[in-house]
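Please open the model in your viewer and keep the selection tool at hand. The tour moves from one selection to the next and says at each stop what is there.

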Amino acid sequence: MNWLCLLVLLATCGLAHGTWDNCGGLCGYRSVSYDYGAAAYQYGHYGMTRVVGGTGAREASWPWLVSLHHAWIPGTGHMCGGSLIHSQWVLTAAHCFDDVSNISLVYVMIGATQLSHPGPGAQIRYVKQLRTHQYYNNKNMKNDIALLELDYPVLCSPYIQLACVPDFTLRVSELVYCFVAGWGATSARASTSSDLLQEAPVHLIDLKLCNSSEWYSGEIHSSNVCAGYPQGFIDTCQGDSGGPLMCKDNIAAYYWVVGVTSWGEGCARAKHPGVYTSTQHFYDWILAEMAASPYGSAS
Ligand code: 4AZ
């Protein structure tokens, strides 16, 4: 069997646990290969420079990660992250739109790493429609998930690839290599976003522990995923919202987007890891919303 066949076979195995695609039949693949080595997963060995506690990502590192911009935000205009899950749909957080009254001021930058210099691999799309979850609650952050339909499909390239979304058959808690990435603040006190995409390895944290008394004491829902470190130090922060929590298992070459960055008490604090909306929990909702588009582009 040649390598191409093997790749197709692996991709087909992946699709058995969820997702839908139209980007050459693949999702979750990074066109450029990056070897972080085992040391990247040992707390304290990852370059504690700056997401919070991450490092600058290389070009095309996470080719499904997009930056949502708002025309009125000064500087780079970055507002939130998102994940390209279909050539015309971006998965993000509902709370990103809490203060947005005019969706035509929002646009999506796809295929960029440095926002001030997006480069020739980047594409920009406007929003045809926003679909926030009908039961999104901005007080307790339940159902913090939304979909954006883009005005035109993006073209896939080494810089632009689709994310894989897991259905209920994937055992997410068994995935061991997880990363967060985004253009959010690099410290809890910083109010500005980062020009260069930041990434960091994180661990999935058991929901019971995450919801225990010294942690989030009951604020975590069954539709959440917690990720980070008991000691803190490495975490998503303001501006990373809507972006992906991405995991893969030992052997697969592709990543699943298992969470959408939602909230946390502060950033990188001990016993207060990042809280993510579980994409697996909302798989059917995502599918139904895309299929129900009045424009019919995901049928
Ligand atoms: C935010 O405000 C935010 N530490 C995102 C993630 C986290 C905290 C805040 C997690 O967008």
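Begin by selecting Cys-210 and Cys-226, which form a disulfide with their sulfur atoms 2.0 Å apart; bear in mind throughout that this is a predicted model. Cys-210 sits in helix H2 and Cys-226 in strand E10, so that the pair links distant parts of the chain, 16 residues apart. Turning to the bond itself, the torsion about S-S for Cys-210 and Cys-226 is about -85 degrees, and the disulfide is therefore left-handed. Both Cys-210 and Cys-226 are buried.

While helix H2 (207–210) and strand E10 (224–228) are still in view, follow the loop between them to Ser-217. Ser-217 is not a glycine, and yet its phi is positive, at about 30 degrees. That deserves a second look because most residues other than glycine have a negative phi. With a relative accessibility of 47%, Ser-217 counts as partly exposed.

Next, select Asn-143, in the loop between strand E6 (123–132) and strand E7 (146–150). Asn-143 also has a positive phi without being a glycine, here near 60 degrees. How accessible is Asn-143, and does it count as buried or exposed? Its relative accessibility is 12%, so Asn-143 counts as buried.

Select Cys-178 and Cys-247, whose sulfur atoms lie 2.2 Å apart in a disulfide. Cys-178 belongs to strand E8 (residues 177–182) and Cys-247 to strand E11 (residues 244–248), so this pair ties together parts that are 69 residues apart in sequence. The S-S torsion of Cys-178 and Cys-247 is about 110 degrees, which makes the disulfide right-handed. Cys-178 is buried, with a relative accessible area of 1%, and Cys-247, at 0% relative accessibility, counts as buried too.

Another disulfide to display joins Cys-27 to Cys-164, with an S to S distance of 2.1 Å. Its torsion about the S-S bond is about 105 degrees, so the disulfide of Cys-27 and Cys-164 is right-handed, and both of these cysteines are buried.

For the last stop, select Glu-199 in strand E9 (residues 198–205). Which side chain of opposite charge is nearest to Glu-199, and how far away is it? It is Arg-30, at 4.2 Å; because a salt bridge is counted only within 4 Å, the buried Glu-199 has no salt bridge.

How values were computed
Residues are numbered from 1 along each chain as its sequence is written. This is a predicted model: local features need pLDDT of at least 70, side-chain atom pairs count only at pLDDT 80 or more; totals for chains, interfaces and linings use all residues. Side-chain values use heavy atoms; hydrogens and water are left out. Helices (H or I, at least four residues) and strands (E, at least two) are DSSP runs, numbered from the N terminus. Buried means under 20% relative accessible area, exposed over 50%, partly exposed in between (1.4 Å probe, protein chains only). Lys and Arg count as positive and Asp and Glu as negative; His and the chain ends are not counted. A disulfide is a pair of cysteine sulfur atoms within 2.5 Å.
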